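Student: I have a structure open and want to learn how to read it. Where do I begin?

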Amino acid sequence: QNPVDSVMSPVNDDLLSRYKTIFVDIVCQTMFSGDVFCPDEKIARCLYTKTPFIIFGGHGAIKKFKRLGFRSFGQWWNEGYDHAPGVNRLLQITKVIEDLSKLPLSKLEEMYKEMSDVLDHNHMLYQDLCGRKDLNEFITNQLKDNSLYLKKSRQECL
């Protein structure tokens, strides 16, 4: 037996199945400083598994995400961090996480049910975008912004 096979890892442990047990994912984007937007597998997991998320990304990441047609969670928590400068963005995200952590499980379950339309919408839009052969061009045109960071060689969506 290969020793690597017995090690717990995201590949070996089916990372997506873990999303059934969490309420919110803190998506820490690779590019998080400056005016950049890097949709990648981290946000894609949330969209695919219908998991609410908080994006720690570049300045205005949520705004750019919405310009692609996705919806966010400002109805349930403060997303003002999206435009906060520097370290203040992280401090405001920390406050959101602390506030959520203080809620009873019953309230989180209620919130999740309330979010079902947003989660379903994001899931369906993600599935539609995955089928686009012109995904990079589509995203660029939607954002009409030179700050977009995309790897042109990448074939997978988001």
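The dialogue below takes up confidence, helix packing, a backbone angle and aromatic pairs.

Student: What is the mean pLDDT of the protein?

Tutor: Start with the general idea. Where pLDDT is low, the predicted coordinates should not be read in detail. This is a predicted model. Its mean pLDDT is 78, and 70% of the residues reach 70 or more.

Student: In which helix is confidence lowest, and in which is it highest?

Tutor: Helix 7, residues 135–143, is lowest, with a mean of 63. Helix 5, residues 105–114, is highest, at 96. Two stretches also call for care. Residues 1–12 stay under 50 in pLDDT, and the model gives them eight contacts beyond four places in sequence. Residues 146–158 are also below 50, yet that stretch has 34 contacts in the model beyond near neighbours in sequence.

Student: On to packing. At what angle do helix 2 and helix 6 pack?

Tutor: The general idea takes two numbers. Packed helices are described by the angle between their axes and by the distance between those axes. Here, helix 2 (residues 41–49) and helix 6 (residues 116–130) pack at about 120°, and their axes are 7 Å apart. Their crossing is left-handed.

Student: Which residues of helix 2 and helix 6 meet?

Tutor: Helix 2 brings Ala44, Leu47 and Tyr48; helix 6 brings Asn122, His123, Tyr126 and Gln127. By class, this contact has four nonpolar residues, three polar ones and no charged ones.

Student: What is the phi of Lys50?

Tutor: Lys50 has a positive value, near 55°. Lys50 sits in the loop between helix 2 and strand 2 (53–56). With a relative accessible area of 28%, Lys50 is partly exposed.

Student: Now the rings. How many aromatic pairs are found in the whole structure?

Tutor: The search finds six. Take Phe53 and Phe73: their ring centres are 4.9 Å apart and their planes stand at 90°, so this pair is edge-to-face. The cut-off for that label is over 60 degrees between planes.

Student: Where do Phe53 and Phe73 lie?

Tutor: Phe53 is in strand 2, while Phe73 is in the loop between helix 3 (61–67) and helix 4 (87–101), so the pair ties together parts 20 residues apart in sequence.

Student: Is Phe53 buried or exposed?

Tutor: Phe53 is buried, at 3% relative accessibility. Phe73 is buried too, with a relative accessible area of 0%.

Student: Which residues do ring pairs link into a cluster?

Tutor: Phe23, Phe53, Phe65, Phe70, Phe73, Trp76 and Trp77.

Methods. Residues are numbered from 1 along each chain as its sequence is written. This is a predicted model: local features need pLDDT of at least 70, side-chain atom pairs count only at pLDDT 80 or more; totals for chains, interfaces and linings use all residues. Side-chain values use heavy atoms; hydrogens and water are left out. Axes are lines fitted to C-alpha atoms, for helices over the stretch in contact, and angles run from 0 to 180 degrees between N-to-C directions. Helices (H or I, at least four residues) and strands (E, at least two) are DSSP runs, numbered from the N terminus. A crossing is left-handed if the near helix is turned anticlockwise from the far one by less than a right angle, and right-handed if clockwise. Contact means heavy atoms within 4.5 Å. Ala, Val, Leu, Ile, Met, Phe, Trp, Tyr, Cys and Pro count as nonpolar, Asp, Glu, Lys and Arg as charged, and the others, Gly among them, as polar. pLDDT is the predictor's confidence in each residue, from 0 to 100. Buried means under 20% relative accessible area, exposed over 50%, partly exposed in between (1.4 Å probe, protein chains only). Rings of Phe, Tyr and Trp (its six-membered ring) pair if their centres lie within 6.5 Å; planes under 30 degrees apart count as stacked, over 60 as edge-to-face and the rest as tilted.
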